[in-house]
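Me: I am new to this structure and would like to learn how to read it. Could we take it feature by feature?

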Amino acid sequence: MALLEGRNLRKTYNRGKRNHVDALRGVDVTIDEGEMVAITGPSGSGKSTLMHILGLLHAPDPNGGPAPELRFEGRDLVDLGDAERTRIRAKSMGFVFQEFNLVPILTAFENVLLACDYAGIKGARANEAATAALQLVGLGDRMGHRPAEMSGGEQQRVALARALVNSPHLVLADEPTGNLDSENSKDILATLRRSNIEHGQTFVIVTHDGEVAAACDRTIRMRDGVVQPASQDRPIERVPFAPRPVERELVGAAGT
Ligand code: ADP
């Protein structure tokens, strides 16, 4: 069943000016519930712009072609006001970015708690959720650390805990492993896959990294602001999810 559907998605930056850029030129995408999908393509092909529209951070252009459509959980989102978009983002979506985007003066625990607060979850329930999320990403012993006191891999795991803490149906990640070495990339990818398997969460991952794309269920390829037709898809090499020993314990039979 479709979790997220976009039709006729267009975005032009600096419209009407000499330096305008047609970043998206009419994109149709369908993301099914429980999928883990990679969006790949050369730099400047419109991947981040598409992710921002799917995550309700930007609105698609209403003009210049057929009316854009955007549905999440069967609900039409194109004409929603800012307050309602923000509410859906906070409650039903999680975001992970290449630069981690943690608040430097807050501890790991407080950074995760902030996402609970945005979603209206407070008090003991929020504390429990934040603790569980940090434990899920293997940072139960770093909860009082500030970002500067953690490695890049640890910071991205905090960002992941923040994205997962409200059990969102959809997690959107923009180059989540872009600043990490291969060992840390594998850890992050394994954690994403674990959430996908255990909680049926849907992941859309913008990535340059062939290994990340190969570990996803499906790849959407972008070029010059459009999705490459499936017929032009090169078959991707399937890398089965292979948990490392500690993950094997956590995932149990479901992931093997
Ligand atoms: P990708 O994620 O594939 O690298 P982007 O979606 O970031 O591509 O960008 C697509 C195109 O839109 C690029 O040519 C980029 O320079 C341009 N672009 C992105 N954001 C802006 C912006 N805020 N203002 C003007 N141009 C932008």
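Me: Which helix gives the most to the shell around the ligand?
Reply: In this predicted model, helix 1 gives the most, with 3 residues. Helix 1 (47-54) and strand 2 (21-32) each supply at least two residues of that shell. Among the residues around the ligand are Tyr-13, Asn-14, Val-21, Ala-23, Lys-47, Ser-48 and Thr-49.

Me: How many residues of the shell are nonpolar, polar and charged?
Reply: The shell has 8 polar residues, 3 nonpolar and 1 charged.

Me: How do I read the sheet, and what is the order of its strands?
Reply: Strands of a sheet pair through backbone hydrogen bonds, either parallel or antiparallel. Here 6 strands form an open sheet with mixed pairing, in the order 6-7-8-3-9-10. Strand 6 (93-97) and strand 10 (226-227) are the edge strands, each pairing on one side only. Strand 6 pairs with strand 7 (residues 170-174) in the parallel sense, over 5 bridges, and Gly-94 stands opposite Val-171 in strand 7.

Me: Which strands does helix 1 lie across?
Reply: Helix 1 lies across strand 3 (36-40), strand 7, strand 8 (202-206) and strand 9 (218-223), and runs at about 150° to strand 8.

Me: How do helix 5 and helix 6 pack?
Reply: Two packed helices are described by the angle between their axes and the distance between the axes. For helix 5 (residues 152-164) and helix 6 (residues 182-199), the angle is about 15° and the axes are 10 Å apart. Angles under 35 degrees count as roughly parallel, so helix 5 and helix 6 are roughly parallel to each other. The contact includes Leu-160 of helix 5 and Ile-188 of helix 6. Its residues divide into 3 nonpolar, 6 polar and 2 charged.

Note on methods: Residues numbered from 1 in each chain as written. Predicted model: local features only at pLDDT ≥ 70, side-chain atom pairs only at ≥ 80, totals over all residues. Near = placed C-beta within 6 Å. Helix = DSSP H or I, 4+ residues; strand = E, 2+ residues; numbered from the N terminus. Nonpolar A, V, L, I, M, F, W, Y, C, P; charged D, E, K, R; others polar. Pairing = 2+ DSSP bridges. Contact = placed C-beta atoms within 7 Å. Axes fitted to C-alpha atoms, helices over the stretch in contact; angles between N-to-C directions. Parallel < 35°, antiparallel > 145°, perpendicular 65-115°, else oblique.
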